[in-house]
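Welcome! Here is a short tour for anyone meeting this protein for the first time. Take a look at the structure below before reading on.

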Amino acid sequence: RLLNQKMVALDFPFYIGSVEVRNSILEYKELSEEGKDPLVLDFAALELSVKNLTSMTEGLPDSQPLELELTARLDSAIPVDVRIRLPYNSDTFTVSGRTEGTSDFVSLNKTVLPAIGLQFKTGRLDGLRFDISGTPWSLHGNLTMLYHNLEVEMFKEDHQKKATLSWAANALLKKSNPKPNGHIIVGEIYTERIPHKGLGNYLWKGVQSGIINSLNPVGKRKVVKK
């Protein structure tokens, strides 16, 4: 169950207006396939606000959802801001997120390499934003990742460089977004939920799908013309 569903399922009445977490650290680890490094997401300088925690949801309007607002530094390097709205009497929820400033892509390697077998050699992330509409079963949305001077390496399962694949990836990969003509690539977000895993895993899989579709030359994406 998602967090709002867990609140509804409680058999005693309670209401908490807000919970605040300040200057904290969160590390999320997920085991990958056998032989691969685990996926690791580090959030430093974490600030979290949770509002409208309640089990008294009968007749509660969608204008009073369970809200989570998170700011942190992903991998201690990239400032992120994520907002989640989970209405109590609806199967649909929304998530939006963005990064701030510019960052070195290399700082994301311990996150991206286990997830998609790709390592950044060079490049600057100029900003990332996403908007997601979700249900307890699937996520849909769009992700825009702006960057320049991108170069990558592909890896085998044993993490040895696979030169031919790396060359092909860089030959096909767009070095920048926006492209030189000003057009912007927007990656499609889509994932289905793994029922026994939590909200954090669910949202990360959605964002991951958007990143993959943004970078993959044959990924599901659209071009927004200048």
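## How confident is the model?

Where pLDDT is low, the predicted coordinates should not be read in detail.

## The nonpolar core

Let us step inside. The largest nonpolar core has 46 residues, and Phe130 and Met145 have the most contacts within it. At least two core residues come from each of strand 2 (39-54), strand 3 (66-74), strand 4 (78-86), strand 5 (93-99), strand 7 (118-134), strand 8 (138-154) and helix 4 (199-215). Helix 4 gives the largest share, seven residues.

Not counting residues up to four places away in sequence, Phe130 touches Val82, Val95, Ser96, Gly97, Asn142, Leu143, Ile189 and Val207.

## A buried serine

Is Ser103 buried or exposed? Ser103, found in strand 6 (residues 103-104), has a relative accessibility of 6%, so Ser103 counts as buried. Leaving aside neighbours within four places in sequence, Ser103 is in contact with Ala77, Ile78, Pro79, Gly123, Arg124 and Leu125.

## Salt bridges

Side chains of opposite charge can pair when their charged atoms come close. How many salt bridges does the structure hold? There are eight.

One of them joins Glu67 and Arg85, whose closest N and O atoms are 2.9 Å apart. This pair links distant parts of the chain, with Glu67 in strand 3 and Arg85 in strand 4, 18 residues apart. Glu67 counts as buried at 18% relative accessibility, while Arg85 counts as partly exposed at 35%. Another salt bridge brings together the side chains of Lys121 and Glu151 (3.5 Å, N to O). Lys121 lies in strand 7 and Glu151 in strand 8, so this pair ties together parts 30 residues apart in sequence. Lys121 is partly exposed, with a relative accessible area of 41%, and Glu151 is partly exposed at 31%.

Arg22 and Glu20 also meet through their side chains in a salt bridge (2.8 Å, N to O). Arg22 counts as partly exposed at 48% relative accessibility, and so does Glu20 at 40%. Finally, Glu69, Asp81, Arg83, Arg98 and Glu100 are linked in a network of salt bridges.

How values were computed
Residues are numbered from 1 along each chain as its sequence is written. This is a predicted model: local features need pLDDT of at least 70, side-chain atom pairs count only at pLDDT 80 or more; totals for chains, interfaces and linings use all residues. Side-chain values use heavy atoms; hydrogens and water are left out. A nonpolar core is a set of buried Ala, Val, Leu, Ile, Met, Phe, Trp, Tyr and Cys residues joined through side-chain atoms within 4.5 Å. Buried means under 20% relative accessible area, exposed over 50%, partly exposed in between (1.4 Å probe, protein chains only). Helices (H or I, at least four residues) and strands (E, at least two) are DSSP runs, numbered from the N terminus. Contact means heavy atoms within 4.5 Å. A salt bridge is a side-chain nitrogen of Lys or Arg within 4 Å of a carboxyl oxygen of Asp or Glu.
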